[in-house]
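Let's take a friendly walk through a protein model, one feature at a time. Keep the sequence and the 3D view at hand as you read.

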Amino acid sequence: MAYGEDDHRGVHTTQEGKSLGVFICWLLGNGCLFGYNSMLTIEDYFVHLFPNYHPVRVITLTYQPFVLVVAAVFAYHEAKVNTRVRNLVGYSLFFLGSLALIILDLATSGRGGIATFIGVCTVVAVFGVAEGHVEGAMTGDLSLMCPEFIQSFSAGMAASGAITSALRLITKAAFEKSRDGLRRGAMLFFSASCFFELLCVVLYAHVFPKLPIVKFYRAKAASEGSLTVAADLAAAGLQRHTKPSAEDDPAIPERLSNKQLLMQNMDYALDMFLIYLLTLSIFPGFLAEDLGSHSLGSWYALVLIASYNGSDLIGRYAPLVESIKVTSRRGLLAAVLARYLLLPAFYYAARYGGEAWMIVLVSALGLSNGYLTVCVLTEAPRPYKGPEQNALGNLLVFCLLAGICLGAVLDWLWLIGKGW
């Protein structure tokens, strides 16, 4: 079957397979961060193994530069990159990294030390390269489809944190009194990550590209000049007609360059950067190490991380209610800037407040993070055609990751005056 502009046969065609597509997008978003979130959620295990290396902060700081560099390269070359291969490589690296953590733990018999820590950091770097492949590719690809797909993918990313937090609370309760409880919980996480990442490879390779709604949007993007969808369309059994370029046919509008797209959407790019700059300057390092002694003991950091992940997930579903969704560009920027009032609030809550105040603040941080992320990612691509939507999705993810990377660095500032 060939595709082209004649394939767009009406509204019914575009909706077929939508519900399954939304669910698969949720699973793929989950897989994008499941491995990394597993490592953050078992922070008590890594702190036990490597008490002198600040493992939570080092893991975050190791992970982010690899994500950022890989995402930057792909964002620059986005128009010529095979999206299918990029995503399959990314999810496969997630699977292999999770498997490597199991092998490393078995090989060292659960012992710490600098060699083991270097091995863990190496796997973290592999996870970073994998996310650099997947997050931008999936966001760009789904940006040229219906908004529900990008919302579901974003919600899936948040759900990975909520699911790993729930599993960690369960495993801690189940294994707390056993001799090797921390290690057993960690191995359970690594095994679950292996299974889930392999599931994502299968779903993306063999199920998602064959959904009618996905084929419709990718065929539409191809008719608008997109080259990134060709391999996925071929996997779905559609053959590509050669489309004349803007140089061959002046009637076909030329695609905006990345620079033009960035200039037209500088406020959205700034939104993404500032959202994650604030979030990562607090989460997870500050929550894991800077809270002192409290009545919840070793459960305190886990409860706070679970509160953040749960509220982040809720925030990513909130924009589905149109009456509370912010669509104004100025309104979004104002909300992003107002969110920085959380910084002094966290400082004073950590010094003078109790557990309840900190849980409320962490929940506000997560709720606003998820809500604003989805608002930006669903609104920004609307005015553009397929190739530009894909490019803009990649650019926004790069800005998001830049904010994460700098935020992870600024997170170390909380240690000033603490004797380190």
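## Before we start

This is a predicted model, in which local features need pLDDT of at least 70 and side-chain atom pairs count only at pLDDT 80 or more, while totals for chains, interfaces and linings use all residues. Residues are numbered from 1 along each chain as its sequence is written, and side-chain values use heavy atoms, leaving out hydrogens and water.

## Helix α17

Helices here are DSSP runs (H or I, at least four residues), numbered from the N terminus. Helix α17 covers residues 355-379, and its end C-alpha atoms are 36 Å apart. That agrees with the 36 Å that its 25 residues should span; the expected span is 1.5 Å times one less than the number of residues.

Buried means under 20% relative accessible area, exposed means over 50%, and partly exposed lies in between (1.4 Å probe, protein chains only).

## Rings that pair up

Rings of Phe, Tyr and Trp (its six-membered ring) pair if their centres lie within 6.5 Å; planes under 30 degrees apart count as stacked, over 60 as edge-to-face and the rest as tilted. By this rule there are 11 aromatic pairs. In one of them, the rings of Y36 and Y63 have centres 3.8 Å apart and planes at 5°, so this pair is stacked. Y36 belongs to helix α2 (residues 18-41) and Y63 to helix α4 (residues 55-76), so the pair ties together parts that are 27 residues apart in sequence.

Both partners can be checked for burial. Y36 is buried, at 6% relative accessible area, and Y63 is buried too, at 0%. Elsewhere, ring pairs join F46, F50 and F117 into a cluster.

## Spaces inside

A cavity is a set of points on a 1 Å grid over the protein atoms alone where a 1.4 Å probe fits but cannot get out, and lining residues have an atom within 4 Å of a point. Grid points are joined across faces, edges and corners, and a volume is the space filled by probe spheres set on the points. The whole structure holds six cavities of 30 Å³ or more. The lining of the largest cavity divides into 16 nonpolar, nine polar and four charged residues. Ala, Val, Leu, Ile, Met, Phe, Trp, Tyr, Cys and Pro count as nonpolar, Asp, Glu, Lys and Arg as charged, and the others, Gly among them, as polar.

The second largest cavity has a volume of about 80 Å³. Among the residues that line this cavity are Y45, F46, D105, R111 and F190. Helix α5 supplies the largest share of its lining, four residues.

Look for Y76 in helix α4. Y76 is exposed, with a relative accessible area of 66%. Y76 and L395 are 319 residues apart in sequence and 8.5 Å apart in space, C-alpha to C-alpha.

Now find D141 in helix α6. D141 is buried, at 2% relative accessibility. Leaving aside residues up to four places away in sequence, D141 touches T83, Y204, R218, V229 and N390, where contact means heavy atoms within 4.5 Å.

Definitions and conventions:
Helices (H or I, at least four residues) and strands (E, at least two) are DSSP runs, numbered from the N terminus. On a 1 Å grid over the protein atoms alone, a cavity is a set of points where a 1.4 Å probe fits but cannot get out, and a pocket is an open set with protein on both sides within 12 Å along at least five of seven lines; lining residues have an atom within 4 Å of a point.
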